[in-house]
Amino acid sequence: MFSFVIRRILQALLVLLVVGLVAFAMFNFIGDPIDNMLGQERTQEDVDRLKERLGLDQPFVVQYAKFLLAAAQGNFGVSYEQGRPVADILAERAPATLELAAVSGVFALTLGIVLGVFTAIRRDGFWANVIMTLSLVGVSLPTFLIGILLIYLFSVELDWLPSFGRGDTVQIGGWSTGLLTTSGLTALILPSITLGLYQMTLIMRLVRSEMLEVMRQDYIRFARARGLSERTVTFRHALKNTMVPVITVTGLQLGSLIAFAIITESVFQWPGMGLLFINAIQFVDIPVMAAYLMMISVMFVAINLIVDILYVAVDPRLRT
Amino acid sequence: MIEAIKHAPGRIKRALDSDFFWKFRRSPVAVISFAATFLLVMSALFAPLLATMNPFDPASLNLMNGFTPPVTPSAFTGETFLMGADDQGRDVFSTILYGMRISLFVGFAAVTLGLLIGVTLGLISGYFGGWTDTIIMRIADVQLTFPSILVAMLIFGVAKGFTPPEYRDQLAIWVLILSIGLSDWVQFARVVRGATMVEKNKEYVQAARLIGRGAMPIIFRHILPNVLSPVLVIATISLALAIIAEATLSFLGVGAPPTQPSLGTLIRIGQGYLFSGEWWILFFPSVTLLALALSVNLLGDWLRDALNPKLR
Amino acid sequence: MALLNIRDLTVEFPTRRKVFKAVNAACLTVEPGEIHGLVGESGAGKSTIGAAVMGLLERPGHITGGTIAYREDEISGLDDEAMRKLRGRKISMIFQDPLTSLNPLFTIRQQLTETIIANLKVGKVDADARALALLQRVDIPDPETRLDQYPHQFSGGMRQRVVIALALCSEPEVIIADEPTTALDVAVQAQILELIRDLAVERQVGVILITHDMGVIADTTDRVTVMYDGSVVESGPTAQVLGQPEHDYTKSLIAAVPRPNRKVHRFPQVSYGGRMTSFAIEEIAKGWPVREAPEGALVSVAGVTKRFAEKGGLLPWQRRHFKAVDDVSFDIVPGEVFGVVGESGSGKSTIARVISGLYRADGGNIYFDGRLVSEPSDKEAIRAFRQDIQMIFQDPYSSLNPRMRVDDIVAEPIKHHGLLSGHAAKLRVGELLEQVGLGADAAAKYPHEFSGGQRQRISIARALATQPKFLICDEPTSALDVSIQAQILNILKDLQEHLGLTMLFISHDLPVVRQMCDRVAVMKQGRIVELQETEALFSDAKENYTRELLSLMPRMSDVSDEVQLPDY
């Protein structure tokens with residue numbers, strides 16, 4: 001158990017080092033930073049001076065270490081496009097994305113598990129079949145189409161809900177939240193459904209197939225043969241065993257909510273990190289791309305670590 | 001003796017008589033989704049014959065036709081368009097056909113790339129184990145930590161940084177294929193590795209080793225044919241995912257260029273006119289994209305059930 | 001009044017091409033305190049009867065005729081809810097694989113108490129006390145501690161004891177045990193069977209014991225019902241059925257069982273239902289090259305050790321190894337059949353794989369025909385060695401590549417060693433398939449079109465393709481039915497006698513070893529405990545461990561030695 005967690009933490013650090021290397025390489029090899037900062041009118045002297053100031057004349061490893069050190073302290077340099085420190089821009093944008101991801105995560109998880117269990121037990125029932133067919137439509141609908149569809153229905157045709165932006169926000173310390181105002185909450189509805197729907201269908205389908213797989217196991221047949229009630233068999237024996245693989249995949253899915261937020265934010269003009277990232281790609285704003293990458297990977301790695309530890313908590317076989 | 005061999009039923013007859021084909025014929029979902037996929041692929045393939053104009057050719061466009069609604073003649077030129085015309089006077093129907101070509105081409109090419117890389121690395125990793133396996137699977141783990149759409153975007157962004165601005169539009173399609181393909185190999189590698197590890201311990205592989213067969217003949221002649229059915233399932237589902245990924249990237253403006261619109265680009269253009277009432281620019285490409293993704297997904301879903309007897 | 005009374009039960013599985021009758025008008029009764037054996041070969045429908053009684057038939061199977069009565073009550077037509085009340089409370093079941101029968105995520109206590117509470121409607125404290133008593137009853141040492149452990153912390157035999165305890169939770173009157181000891185070692189098997197026997201008498205429970213093993217039937221059951229192809233062919237008191245079998249199928253089945261107490265030259269073959277297949281040994285012998293036997297040993301194993309890494313350990317040097325084979329040495333002389341026996345985990349299969357070169361030894365050397373073959377340096381020696389040895393594997397379902405045609409499978413060694421090519425190779429393959437009794441039209445088929453016994457013949461054809469000197473048989477018949485086993489063993493005997501093949505014969509089945517081998521090595525935990533001439537070993541074993549193993553062989557005292565085989 002102990003060695004398992006240690007190994008996982010080492011692995012997480014390795015992931016971060018690799019991602020850091022990718023981010024650092026982006027800085028160094030894509031579009032000469034000197035070009036970006038000095039413009040056309042320059043002398044060799046200017047170039048050399050800047051190189052020295054930026055530390056570009058030092059060996060690769062030293063530069064990499066410095067980069068990691070700076071990144072660990074939250075210093076990602078200055079945005080090419082906006083000319084402001086990247087860390088500030090990200091800090092300003094993060095709350096919007098995190099609130100969106102959290103709300104849609106809760107939505108996807110609860111509905112996904114409930115529907116997954118339902119469709120597994122009522123395997124051949126009418127509603128289970130309807131849900132399964134709809135879920136395939138859900139998997140085939142690109143996130144942005146869901147967003148557009150919802151906007152068309154609820155904003156254009158019915159005019160019930162806002163089609164873009166976060167509504168009014170309240171500033172609490174450095175965090176701007178939309179959860180405390182009515183307009184903030186109504187603005188959250190469509191984007192979080194858009195973001196959560198695809199994940200929800202995935203989780204649902206996964207829970208269903210894992211549950212069906214578990215229901216075929218000998219220990220479920222034996223539990224039935226011992227005269228346990230169908231409820232005990234389904235909700236106690238089958239569900240707990242279903243959760244073991246579901247936890248792993250779901251963890252990854254929830255992590256990817258933050259990344260998929262890029263699309264949702266773009267459709268709803270949601271002022272979060274995703275929108276920032278998309279703009280950065282279009283303008284080849286390397287510092288922003290690199291910082292976003294680093295930040296998101298820290299989140300992913302943290303989520304994965306939590307998932308691994310949860311996994312051990314559920315499955316006694318991993319504890320010894 | 002030799003006659004007996006000749007009398008054995010041929011491959012095609014065997015295939016038609018197989019349980020697999022029997023299951024296929026008995027499943028309306030499978031037949032319909034296969035027919036739909038086939039129809040869409042064919043109409044994309046023969047787009048130049050079906051389309052009324054070449055939307056990629058600026059010379060054939062007439063701006064006066066802009067925003068003509070479906071099946072009503074244009075107020076200025078009197079031309080009629082089955083699915084209307086877009087902001088630049090392109091026939092939406094023709095643009096969809098040509099756009100689908102790009103979507104499908106990118107989809108197929110990206111899946112092929114991902115499949116080749118993934119299957120090869122998965123076979124090697126699963127068969128040899130040890131350090132080779134550790135390195136390949138660590139890389140896969142790291143990449144799997146990130147959703148493939150993000151990986152594709154990053155590769156796209158990085159590639160964009162490398163290519164000089166004047167070539168960007170021309171290379172955009174290839175960059176798309178590369179980024180989606182490279183973001184996709186992990187699924188193949190993981191499944192093939194798992195299957196290979198099961199197969200390599202089976203006694204028929206040991207029998208081949210006992211004869212003295214080398215690693216490569218064993219991997220490609222013995223193991224590969226036995227791990228292909230999950231690969232087929234993943235490839236089908238990946239195709240749907242790749243089409244969606246391409247549409248998403250193009251929709252976000254980081255994919256196919258506006259001069260060569262794919263379905264995603266068309267939807268991006270259409271979204272801008274959603275509030276002003278020109279619904280057809282958005283509607284028809286969206287329906288086509290959904291039909292394409294849905295029929296491929298249905299096919300993949302059915303394949304998984306048909307090839308996995310455990311879940312029956 | 002019988003506890004359980006099955007009358008004319010018919011179960012059908014509709015499939016694509018036809019409706020498959022898994023059980024055809026079967027009758028069976030069970031009395032309190034009686035163990036009723038249900039025996040038959042694979043596909044005979046014996047497990048289906050068990051599942052039908054429990055109402056746990058796998059879809060699309062369903063009962064199409066007959067009745068199942070518990071005491072006076074007809075139960076085969078009951079709905080799910082009523083069936084559930086009966087299940088567990090009155091009728092309970094034990095499955096074959098103790099590994100998969102227990103839920104891995106719950107402690108033994110949790111699984112026991114929930115079953116007790118669900119069936120007996122008692123309180124938590126009472127249930128706990130009953131759980132403890134049950135574990136004690138099934139002889140699990142230190143039950144207080146064991147109660148709070150998870151299934152993976154138990155060994156296979158202990159797990160099956162837990163499964164039995166679980167089946168007893170509800171104080172049932174009938175227990176259906178479906179191959180309860182097949183997955184276990186002989187020693188554990190004997191203990192579990194004894195436990196079931198004791199419990200049946202002590203609690204006056206009626207037991208249906210489903211098995212393919214005549215030895216288990218002979219030593220454990222009071223009555224026996226023999227099934228063939230879905231139908232009951234004979235039923236009666238065990239001593240009578242095994243001693244004076246009446247039906248032809250029963251007769252040939254009993255005749256085919258290898259006897260622990262005497263050596264026969266050839267196995268009587270089961271000929272019921274036209275399953276005899278020829279084997280043209282004379283033909284094969286005609287084309288076989290006459291080789292001069294080498295002086296001394298053909299195969300020489302000198303101090304061989306093989307280690308495997310165990311799981312765990314963060315750093316390489318923290319990983320533990322266990323020795324699967326530990327400093328083993330023996331010689332195999334030309335023309336003999338050398339047997340290796342032992343329980344699972346004794347290292348007997350590992351040593352076969354080390355000799356064949358599938359595993360590399362961590363220490364020691366292997367010599368074949370006087371040349372060192374355990375080091376890859378001598379390329380020519382290795383190549384010749386590969387051509388001269390062949391292997392027959394245990395599992396006929398995994399030893400043939402399912403995606404290759406039979407002719408490609410048999411031709412592979414011929415082509416790889418460059419013996420023949422093109423048309424000549426094709427002719428040779430057809431000839432081989434003809435000789436092993438499959439016919440040349442087998443060439444264009446795929447392995448899944450054949451039965452287990454036929455597949456094992458394909459394996460033999462492949463093994464003979466390079467005309468080897470040495471054949472390794474790794475449990476070649478343990479996955480086969482008794483009747484097929486007799487055929488395959490006879491073929492192996494023919495090969496040894498007519499071709500002078502030298503063989504290494506690995507098995508856990510002592511009666512089979514007695515029939516097949518000239519000399520036997522007994523292995524335990526990676527080491528050879530005793531090495532003797534076969535007859536000497538069986539009559540006068542020197543080591544305690546060997547004597548213990550021998551004492552665990554089914555005695556089959558009821559079984560008639562002189563079965564009159566029907567003429568055909």
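Chain C has 21 helices and 20 strands. The model is predicted. Two interfaces of chain A are covered here: one with chain C, burying about 2800 Å², and one with chain B, burying about 3900 Å². Nonpolar residues number 15 on the side of chain C that touches chain A, and 32 on the side of chain A that touches chain B.

**Chain C as a whole**

- The C-alpha trace of chain C spans about 75 × 60 × 45 Å along its principal axes.
- Buried residues make up 57% of the 568 in chain C.
- Among contacts in chain C with a separation of 6 or more, 70% join residues 24 or more positions apart.

**A buried threonine in chain C**

- Thr546(C) lies in helix H21, which covers residues 544-551 of chain C.
- Is Thr546(C) buried or exposed? Its relative accessible area is 2%, under the 20% cut-off, so Thr546(C) counts as buried.
- Beyond its neighbours within four places in sequence, Thr546(C) touches Val522(C), Glu530(C), Leu537(C) and Ala541(C).

**Interface of chain C and chain A**

- Chain C brings 33 residues into contact with 28 residues of chain A.
- About 2800 Å² is buried between these two chains, and carbon and sulfur atoms give 57% of that area.
- Two salt bridges cross this interface by the rule. One of them joins the side chains of Arg226(A) and Glu114(C), with N to O at 3.5 Å.
- Nine residue pairs are in polar contact between chain C and chain A, counting pairs with both residues at pLDDT 80 or more.
- On the chain C side, strand S6 (91-94) and helices H3 (98-101), H4 (108-120) and H7 (156-168) each supply at least two residues.
- H4(C) gives the largest share of that side, six residues.
- By class, the chain C side holds 15 nonpolar, 12 polar and six charged residues.

**Interface of chain A and chain B**

- The contact takes in 45 residues of chain A and 42 of chain B.
- Chain A and chain B bury about 3900 Å² between them, with 78% of the area from carbon and sulfur atoms.
- Which three residues supply more of the area that chain A buries against chain B than any other three? They are Ser140(A), Phe144(A) and Ile148(A), which give 14% of it.
- One salt bridge is counted between chain A and chain B. Arg205(A) and Asp301(B) form a salt bridge, their closest N and O atoms being 2.6 Å apart.
- Polar contacts between chain A and chain B come to two residue pairs, both residues at pLDDT 80 or more.
- Seven elements of chain A each supply at least two residues to the side that touches chain B: helices H1 (2-29), H6 (126-140), H7 (143-157), H8 (182-215), H10 (230-268), H11 (273-283) and H12 (286-314).
- H10(A) provides the largest share of this side, eight residues.
- The chain A side divides into 32 nonpolar, nine polar and four charged residues.

Technical notes. Residues numbered from 1 in each chain as written. Chains lettered and ligands numbered in written order. Heavy atoms only, no water. Contact = heavy atoms within 4.5 Å. Buried area = accessible area lost by both parts, 1.4 Å probe. Salt bridge = Lys/Arg side-chain N within 4 Å of Asp/Glu carboxyl O. Polar contact = N/O pair within 3.5 Å; in protein donor to acceptor, adjacent residues only side chain to side chain. Helix = DSSP H or I, 4+ residues; strand = E, 2+ residues; numbered from the N terminus. Nonpolar A, V, L, I, M, F, W, Y, C, P; charged D, E, K, R; others polar. Buried < 20%, exposed > 50% of the residue type's maximum accessible area, 1.4 Å probe, protein only.
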